[in-house]
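This report covers one protein chain.

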Amino acid sequence: MQRSTMTLLTQAVMVRASIDIDRMSAQHKVELADEIHARQPNLLASILVLPRFGVDMLQLEVPIHVLLVTFQAMKHCGRALPTISEDVQETCLQRLTATMRFTEGVPPDLGDQMISKFCVDHPERYLLAFVYGHLGERDLLRVRTDAEKYLLLACLNLVECVAYIGAQLQSK
């Protein structure tokens with residue numbers, strides 16, 4: 001099966017980024033966060049705003065880790081990536097929520113098939129798999145509270161933003 005779009009963050013890039021972050025000291029993570037602030041300030045802001053939506057400091061570590069790994073992968077991908085604007089984030093969030101609403105109310109079997117197809121065909125499937133895995137390991141996929149909903153949306157929107165800019169780069 002041939003895909004029409006190529007993934008920007010390959011499996012090897014994602015593995016390397018995840019290992020890099022896992023091996024980093026707290027000080028190195030702070031330095032990386034400073035770099036994110038300089039190069040992708042809107043991505044950082046989309047995570048740092050989460051406490052306003054009820055995400056506690058312990059939960060906030062999850063999307064921060066996702067952001068650190070995502071940014072590290074973006075650095076390793078071999079392409080200069082543009083700064084993701086607030087407009088891109090909003091567009092991606094609208095698409096993401098529309099996709100989620102589309103699956104509401106469908107029979108569970110069909111919903112599972114739709115979600116599987118979405119993941120397999122996603123242009124950033126390795127990043128998406130990492131995010132789902134990281135959230136799942138921390139039991140944050142069931143969305144029991146509004147805080148968990150916003151945390152999940154913020155993490156998944158990071159994926160959608162990377163996919164969006166990846167598609168833009170490929171179209172040039």
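## Overall fold

From the N terminus on, the elements run α-α-α-α-α-α-α-α. That is eight helices and zero strands. Helices (H or I, at least four residues) and strands (E, at least two) are DSSP runs, numbered from the N terminus. The radius of gyration is 16 Å, close to the 16 Å that the globule rule gives for 172 residues, so the chain is as compact as a globular protein of that length. The radius is taken over C-alpha atoms, and the rule is 2.2 Å times the number of residues to the power 0.38.

This is a predicted model: local features need pLDDT of at least 70, side-chain atom pairs count only at pLDDT 80 or more, and totals for chains, interfaces and linings use all residues. Residues are numbered from 1 along each chain as its sequence is written, and side-chain values use heavy atoms, with hydrogens and water left out.

## Dimensions and contacts

The C-alpha trace spans about 50 × 40 × 30 Å along its principal axes. Of the 172 residues, 40% are buried. Buried means under 20% relative accessible area, exposed over 50%, and partly exposed in between (1.4 Å probe, protein chains only).

Take the contacts between residues at least 6 apart in sequence: 82% of them join residues at least 24 apart. Contact means heavy atoms within 4.5 Å.

Two packed helices are described by the angle between their axes and the distance between the axes. Axes are lines fitted to C-alpha atoms, for helices over the stretch in contact, and angles run from 0 to 180 degrees between N-to-C directions.

Helix 4 (residues 57-76) packs on helix 7 (residues 125-137) at about 155°, with the axes 11 Å apart. Helix 4 and helix 7 are therefore roughly antiparallel. Angles under 35 degrees count as roughly parallel, over 145 as roughly antiparallel, 65 to 115 as roughly perpendicular and the rest as oblique. Helix 4 contributes Val62, His65, Val66, Val69 and Thr70 to the contact, and helix 7 contributes Leu127, Phe130, Val131, His134 and Leu135. By class, this contact has seven nonpolar, three polar and no charged residues. Ala, Val, Leu, Ile, Met, Phe, Trp, Tyr, Cys and Pro count as nonpolar, Asp, Glu, Lys and Arg as charged, and the others, Gly among them, as polar.

## Helix 7 against helix 8

The axes of helix 7 and helix 8 (residues 146-171) come within 10 Å and cross at roughly 165°. Helix 7 and helix 8 are therefore roughly antiparallel. Their crossing is right-handed. Leu127, Leu128, Val131, Tyr132 and Leu135 of helix 7 meet Leu151, Leu152, Cys155, Leu156, Val159 and Val162 of helix 8. The contact has eleven nonpolar, no polar and no charged residues.

## Positive phi in the loop

Most residues other than glycine have a negative phi. Asp139 has a positive phi of about 55° although it is not a glycine. Asp139 lies in the loop between helix 7 and helix 8. Asp139 is partly exposed, at 36% relative accessible area.

Val143 is found in the loop between helix 7 and helix 8. Its phi is near 50°, a positive value in a residue other than glycine. Val143 counts as partly exposed, at 31% relative accessibility.

Technical notes
Left-handed = near helix turned anticlockwise from the far one by under 90°.
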